[in-house]
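Visitor: Could you walk me through this structure? I am new to it.
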Amino acid sequence: MDSGPAIFAGVVFALFGGGLLMWTAARVRQRQPVAHGVSPVASATVATLAALITLALAAWCFTRL
């Protein structure tokens, strides 16, 4: 019963991180801006780092089961 919140948080982090990583990759591949008004390299880097951090948080949540 105590593993329910860890599973929920892990799934949410995994979905968000995976979606953000796929969206960022698609925008970079099409040479479109990831964020408006920001350097393309900086915005892609920050978005990729945020996606990787959330995927790492998902993995951490799943190890707590």
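This is a predicted model: local features need pLDDT of at least 70, side-chain atom pairs count only at pLDDT 80 or more; totals for chains, interfaces and linings use all residues.

Visitor: Is Pro40 buried or exposed?
Guide: Pro40 counts as exposed, because its relative accessibility is 58% and the cut-off for exposed is over 50%.

Visitor: And what separates Pro40 from Leu21?
Guide: The two residues are 19 residues apart along the chain, and their C-alpha atoms are separated by 15 Å.

Visitor: Let us turn to the helices. At what angle do H1 and H2 pack?
Guide: The angle is about 155 degrees, and the axes of H1 and H2 are 8 Å apart.

Visitor: Why give both an angle and a distance?
Guide: Two packed helices are described by the angle between their axes and the distance between the axes.

Visitor: So are H1 and H2 roughly parallel or roughly antiparallel?
Guide: H1 and H2 are roughly antiparallel to each other, because angles over 145 degrees count as such.

Visitor: Now the surface. Which residues make the nonpolar patch?
Guide: Ile7, Val11, Leu15, Phe62 and Leu65 form this nonpolar surface patch, of about 460 Å².

Visitor: Which helix gives the largest share of the patch?
Guide: Helix H1, residues 4–29, contributes the largest share, with three residues.

Visitor: Where does Ile7 lie, and how accessible is Ile7?
Guide: Ile7 lies in helix H1. Its relative accessibility is 37%, so Ile7 counts as partly exposed.

Technical notes: Residues are numbered from 1 along each chain as its sequence is written. Side-chain values use heavy atoms; hydrogens and water are left out. Patches are made of residues with over 30% relative accessible area and no salt bridge: like charges are joined within 9 Å, nonpolar side chains (Val, Leu, Ile, Met, Phe, Trp, Tyr) within 5 Å. Accessible areas come from the Shrake-Rupley method with a 1.4 Å probe; for residues, only the protein chains shown count as cover. A salt bridge is a side-chain nitrogen of Lys or Arg within 4 Å of a carboxyl oxygen of Asp or Glu. Helices (H or I, at least four residues) and strands (E, at least two) are DSSP runs, numbered from the N terminus. Buried means under 20% relative accessible area, exposed over 50%, partly exposed in between (1.4 Å probe, protein chains only). Axes are lines fitted to C-alpha atoms, for helices over the stretch in contact, and angles run from 0 to 180 degrees between N-to-C directions. Angles under 35 degrees count as roughly parallel, over 145 as roughly antiparallel, 65 to 115 as roughly perpendicular and the rest as oblique.
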